[in-house]
Amino acid sequence: MQSLDDDQAQETISIPLAGKSSIADHMVIASGRSSRHVAAMAQKLAERIKKETGQIARIEGLPAADWVLIDAGDVIVHLFRPEVRSFYNLERMWGFTDAPAAPAQATAH
């Protein structure tokens, strides 16, 4: 979180996944101002993870940098350009927003 804050990430949130999913303990979602900003944040974060933990984080999506996923083991980080983040809306998928729920559909009996 500190690395993303240092790099001026926008709208950074951390979603606790413990008990919800076995993929990780936390998911971090943040936005960058442009593809170049997203790519720079991803590369710096991966370097910081390696320096502090000795582990190499897996990175997907770096060439286009519209949506970059960094798998750091217990933490998964998603970095987006703002419009791509809005489209996929991961926060809502994981139930982490106050977004209105889809209206219930009537069922015929």
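Visitor: Which residues have the most contacts inside the largest nonpolar core?

Guide: In soluble globular proteins, nonpolar side chains tend to be buried together. In this predicted model, the largest nonpolar core has 16 residues, and those with the most contacts inside it are Leu-4, Leu-45, Val-68, Ile-70, Val-77 and Leu-79. Two or more residues each come from strand S2 (26–31), helix H2 (35–53), strand S4 (67–71) and strand S5 (75–80). H2 gives the largest share, 6 residues.

Visitor: What does Ile-70 touch, not counting residues up to four places away in sequence?

Guide: Its partners include Ala-42, Leu-45 and Ile-49, as well as Val-75, Val-77 and Leu-79. A second, separate core has 9 residues, among them Ile-15, Leu-17, Ile-29 and Val-84.

Visitor: In which sense does S5 pair with S2, and in which with S4?

Guide: S2 and S5 are parallel, over 6 bridges, while S4 and S5 are antiparallel, over 5 bridges. Phe-80 in S5 stands opposite Ser-31 and also opposite Trp-67. Of the 6 residues of S5, 5 are buried. The hairpin of S4 and S5 has 3 residues between the strands, and Gly-73 there takes a positive phi near 85°.

Visitor: Does Arg-81 count as buried or exposed, and why?

Guide: Buried means under 20% relative accessible area. Arg-81 counts as buried because its relative accessibility is 18%. Arg-81 sits in the loop between S5 and helix H3 (82–88).

Visitor: With which side chain does the side chain of Arg-81 make a polar contact?

Guide: The partner is the side chain of Asp-66, at 2.6 Å. Beyond neighbours within four places in sequence, the contacts of Arg-81 also include Gly-32, Ser-34, Ser-35 and Val-38.

Methods:
Residues numbered from 1 in each chain as written. Predicted model: local features only at pLDDT ≥ 70, side-chain atom pairs only at ≥ 80, totals over all residues. Heavy atoms only, no water. Core = buried A, V, L, I, M, F, W, Y, C linked by side-chain atoms within 4.5 Å. Buried < 20%, exposed > 50% of the residue type's maximum accessible area, 1.4 Å probe, protein only. Helix = DSSP H or I, 4+ residues; strand = E, 2+ residues; numbered from the N terminus. Contact = heavy atoms within 4.5 Å. Polar contact = N/O pair within 3.5 Å; in protein donor to acceptor, adjacent residues only side chain to side chain. Pairing = 2+ DSSP bridges.
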